[in-house]
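Here is a short briefing on one protein chain.

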Amino acid sequence: MKYLTLMTATLALAGSTYGLTRREVFSNSAVHLSQTCADVSGSGFVFFRPADPSNEKVGKAFLATNKHVIPPEGAECGLEMRVAVTDNGAPSVKALTIPVVGKDGKYLDTVRLHRENDIAAINVTPQVVASGMALDFVPVGLLGTKARLKGADVALAGDEIYMIGYPAGIYDKRNALPVWRVGIIATSPLLGYSLPDLMQKTFKLPAFIDGFLIDAHVYPGSSGSAVVVKPGAISFDAPSALSAGGPRSITYVLGLISDSIPMGDFGGKVPTRIGIGIVQSPDAISETIEAFFKK
């Protein structure tokens with residue numbers, strides 16, 4: 001069984017360790033994905049999950065993305081994941097092949113799908129270990145689950161967020177760095193969201209979103225992008241109170257973008273983007289990764 005040793009497991013919480021910044025670790029975790037058997041691309045985010053809570057530096061790497069980004073069952077297919085590697089001391093970009101669907105047309109045992117949410121997780125530890133890429137990923141302890149957010153003055157409606165991924169499939173051929181964008185939390189991450197019947201019918205949207213909405217420019221290719229709360233020292237509720245080093249300084253991953261909500265323009269006939277994105281909950285990401293460890 002392959003594991004990896006993470007030299008920066010606490011980096012994302014501490015801010016800077018071993019010469020890496022928190023920004024570099026988040027950038028390293030965001031990856032561009034493309035299917036090997038179809039012209040489909042999207043974004044993903046690699047998490048580090050300790051094998052044992054008592055040793056947070058040894059564990060596995062899991063790629064989290066949307067179900068609709070990975071190949072469907074039916075024919076053998078995989079994903080190509082663009083990563084930065086070091087070859088004889090020189091940095092370069094490499095496309096790692098991640099097997100997803102086996103020769104029998106079924107998902108491999110390295111794949112887990114959430115039972116309800118548009119979330120998939122793939123154990124990419126073997127490919128990461130063999131690639132020579134930097135083993136610096138955001139730990140699952142930074143998933144902003146409901147249990148971690150409840151009661152904390154953080155990740156509230158109106159708070160700013162970063163989106164880290166590859167909108168419209170854009171990437172720099174010279175490196176494996178993602179595109180950082182900004183937005184705000186439009187609805188509470190703790191409550192979920194129930195869409196009106198007419199919107200469900202018109203745009204084939206789900207009745208209930210286990211997650212929340214963001215006010216941001218979400219485009220094809222953004223699927224699988226991580227949504228990260230922007231650290232700050234003040235809140236909307238207490239604009240005159242400074243709080244350094246508190247919950248608002250923690251860069252929680254609030255989920256993965258999965259879709260956008262349009263409106264019907266020109267008499268309701270033409271779907272038009274209105275800058276509202278759908279984010280799948282971090283609880284679903286955590287549950288999908290933890291499914292690998294359940295007997």
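What is the mean pLDDT (the predictor's confidence in each residue, from 0 to 100) of the protein chain? The mean is 88, and 89% of the residues reach 70 or more. The model is predicted: local features need pLDDT of at least 70, side-chain atom pairs count only at pLDDT 80 or more, and totals for chains, interfaces and linings use all residues. Residues are numbered from 1 along each chain as its sequence is written, and side-chain values use heavy atoms, with hydrogens and water left out.

**Confidence**
- Over residues 8–18 the pLDDT is below 50.
- Beyond near neighbours in sequence, that stretch has 27 contacts (heavy atoms within 4.5 Å) in the model.

**Largest pocket**
- On a 1 Å grid over the protein atoms alone, a pocket is an open set of points with protein on both sides within 12 Å along at least five of seven lines.
- The largest pocket holds about 410 Å³ of space. A volume is the space filled by probe spheres set on the points, and grid points are joined across faces, edges and corners.
- Its lining has 21 residues, and Glu24, Asn28, Ala84, Ala134 and Leu177 lie nearest the centre. Lining residues have an atom within 4 Å of a point.
- Helix H2 (22–29) and strands E4 (30–35), E7 (77–87) and E8 (90–101) each give two or more residues to this lining. Helices (H or I, at least four residues) and strands (E, at least two) are DSSP runs, numbered from the N terminus.
- Strand E7 gives the most, with 5 residues.
- By class, the pocket lining has 12 nonpolar, 5 polar and 4 charged residues. Ala, Val, Leu, Ile, Met, Phe, Trp, Tyr, Cys and Pro count as nonpolar, Asp, Glu, Lys and Arg as charged, and the others, Gly among them, as polar.

**Cavity**
- The structure holds 1 cavity of 30 Å³ or more. A cavity is a set of points where a 1.4 Å probe fits but cannot get out.
- The largest cavity has about 40 Å³ of space.
- Its lining includes Met163, Arg181, Ser222 and Ile257.
- Strand E12 (160–165) and strand E13 (179–185) each supply at least two lining residues. The largest share, 3 residues, comes from E12.
- The cavity lining counts 5 nonpolar, 3 polar and 1 charged residues.

**Disulfide**
- A search of the whole structure finds 1 disulfide (a pair of cysteine sulfur atoms within 2.5 Å).
- Cys37 is joined to Cys77, S to S 1.9 Å.
- The pair links distant parts of the chain, 40 residues apart: Cys37 is in the loop between E4 and strand E5 (41–52), and Cys77 is in strand E7.
- The torsion about the S-S bond of Cys37 and Cys77 is about -105°, so the disulfide is left-handed.
- Cys37 is partly exposed at 47% relative accessibility, while Cys77 is buried at 6% relative accessible area. Buried means under 20% relative accessible area, exposed over 50%, partly exposed in between (1.4 Å probe, protein chains only).

**Two buried residues**
- Gln35 sits in strand E4 and is buried at 10% relative accessibility.
- Gln35 touches residues including Val40, His68, Cys77 and Leu79.
- Ile119 lies in the loop between strand E9 (111–113) and strand E10 (120–123). Ile119 is buried, with a relative accessible area of 0%.
- Ile119 and Ala284 are 165 residues apart in sequence, yet 6.9 Å apart in space, C-alpha to C-alpha.
- Among the residues that Ile119 touches are Asn66, Arg112, Leu256, Ala284 and Thr288.

Notes: Lists of a residue's contacts leave out its neighbours within four places in sequence.
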